[in-house]
Structures are given as structure tokens and as C-alpha cells.
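Please look over the chain shown here.

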Amino acid sequence: MRYFLYIALTLCLATSCFHTEWFEPRFEENGEYHNLEIPAEGNRYNVPFKFLFHTTKTSMPMRTHQIRGRHIIDGIPGEIYDVAANGSPIRWYWDWTSERTPGIENAVLHIYIPANESSMARTISTQISIDSIANSSFQIQDDDEHNWGEWNTVLDGIQAGW
């Protein structure tokens, strides 16, 4: 029994020393990415955003609120993408070029607007949704629990036709 108490005390002390890094994405309203004139051949846009970053002491190494995205073309929602997944047309990356601020990590949402193959102009918008439940990976995993927030428009405009 005495050894059990020592082992339990040692485990409590050891786990209380681990830091958990928390990442919470924040998108600010930016008029620069609204009412765009998007070329028919498509385009890539870089929308800046931030992760609020802080650490706590728990046994989890990292917790992050995941992000998903979609395009809405002429009012019709398209496929939903994991914006941390490789190959996604809506994908985020760290922004290592900007100045660092304590507690804030800069990032960029790269948005690829596909070509408009029709002769008619179309409306297009890109929306993101942030999970209110923090998970252990930036990328969405099959066994993650989710409570997705509302869809928020980060880019919109009219895309020209051919």
C-alpha cells in the first residue's frame, strides 16, 4: 500500500508538469476579401487570421479547435473540406513572415477558387466553420468529437464567365 501511494504521488507530480498548448482560431472581418471581381480562370487568395495561443498544465500535449471550409457557388453549398488536410482547395498555413506577438500565432487561409467553365458569371463565397470542442490535432480525425459552429463567410464575390 505504501508503494502505491508513492507511485500515485509521483504520477500526479509528473503529469502536473506537462504543458498543453491551446490553439483557438480567430477570423476578423476584413472588407478586402468581400465583393471581389474573381477572374473566370480562377484565382488564389490569402486571407490572414490568427490562432490565440496559450499553455496550461495538463496531461494533453496539444488542443486545437479544428476548422472546416466550403465554397458556395450560386447559392449551392459544395463539398466540405478539412482545411488542415493536404490537397484541400481551402487550406491554412502558418504565416512565418509577419511579426510575432506573444499569445498570438499568425496564419494564412489559402483559398483556391476554381475556374468558371460556363459563359455566365456566378456568385461564389468561401465559408469556414470552427469546432467548439478542442481536439488533439489540427487535422480532423475520424474519432474526433465535434460541435461545429456557424458557417462564416471569409471571402465572396462575382466570378466572370468565359
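**Briefing: rings, charges and spaces**

F53 is partly exposed, at a relative accessible area of 22%; buried means under 20% relative accessible area, exposed over 50%, and partly exposed in between (1.4 Å probe, protein chains only). This is a predicted model: local features need pLDDT of at least 70 and side-chain atom pairs pLDDT 80 or more, while totals for chains, interfaces and linings use all residues. Residues are numbered from 1 along each chain as its sequence is written, and side-chain values use heavy atoms, with hydrogens and water left out.

**Overall fold**

- The protein chain has 1 helix and 10 strands. Helices (H or I, at least four residues) and strands (E, at least two) are DSSP runs, numbered from the N terminus.
- The order from the N terminus is α-β-β-β-β-β-β-β-β-β-β.
- The protein chain has 162 residues, and 38% of them count as buried.

**Aromatic pairs**

- The structure holds 14 aromatic pairs. Rings of Phe, Tyr and Trp (its six-membered ring) pair if their centres lie within 6.5 Å; planes under 30 degrees apart are stacked, over 60 edge-to-face, and the rest tilted.
- One of these pairs is F23 with F53, which is tilted, at 5.0 Å centre to centre and 45° between the planes. F23 sits in strand β1 (residues 19-26) and F53 in strand β3 (residues 43-57), so this pair ties together parts 30 residues apart in sequence.
- F23 is buried, at 6% relative accessibility.
- F27 and F49 have ring centres 4.3 Å apart and planes at 10°, so they are stacked. This pair also links distant parts of the chain: F27 is in the loop between β1 and β2 (36-38), F49 is in strand β3, and 22 residues separate them.
- F27 is partly exposed at 22% relative accessibility, whereas F49 is buried at 3%.
- Both pairs belong to one aromatic cluster, formed by F23, F27, F49, F51, F53, W92, W94, W96 and F138.

**Charges**

- R70 lies over the face of W151, 4.1 Å from the ring centre. A charge sits over a ring if NZ of Lys or CZ of Arg is within 6 Å of the ring centre and within 35 degrees of the ring normal.
- R91 lies over the face of Y93, at 4.9 Å from the ring centre.
- How many salt bridges does the structure hold? There is 1, and E24 forms it with R26, the closest N and O atoms being 2.8 Å apart. A salt bridge is a side-chain nitrogen of Lys or Arg within 4 Å of a carboxyl oxygen of Asp or Glu.
- E24 is partly exposed, at 28% relative accessibility. R26 is partly exposed too, at 39%.

**Positive phi**

- N35 has phi near 60°, a positive value in a residue other than glycine. N35 lies in the loop between β1 and β2 and is exposed, at 72% relative accessibility.
- D74, also not a glycine, has a positive phi near 50°. D74 is in the loop between β4 (62-73) and β5 (76-77) and is partly exposed, at 46% relative accessible area.

**Cavity**

- A search of the whole structure finds 1 cavity of 30 Å³ or more. On a 1 Å grid over the protein atoms alone, a cavity is a set of points where a 1.4 Å probe fits but cannot get out; a pocket is an open set with protein on both sides within 12 Å along at least five of seven lines; lining residues have an atom within 4 Å of a point.
- The largest cavity has a volume of about 50 Å³. Grid points are joined across faces, edges and corners, and a volume is the space filled by probe spheres set on the points.
- Its lining is D95, W96, S98, E99, R100, I104, E105 and N106. W96 is also in the aromatic cluster.
- Ala, Val, Leu, Ile, Met, Phe, Trp, Tyr, Cys and Pro count as nonpolar, Asp, Glu, Lys and Arg as charged, and the others, Gly among them, as polar.

- The largest pocket holds about 170 Å³ of space.
- It is lined by 14 residues, and F27, E28, E29, N152 and V154 lie nearest its centre. β1, β9 (122-135) and β10 (152-159) are the elements that give two or more residues to this lining.
- The largest share, 3 residues, comes from β10.
- The lining of the largest pocket comprises 7 nonpolar, 4 polar and 3 charged residues.
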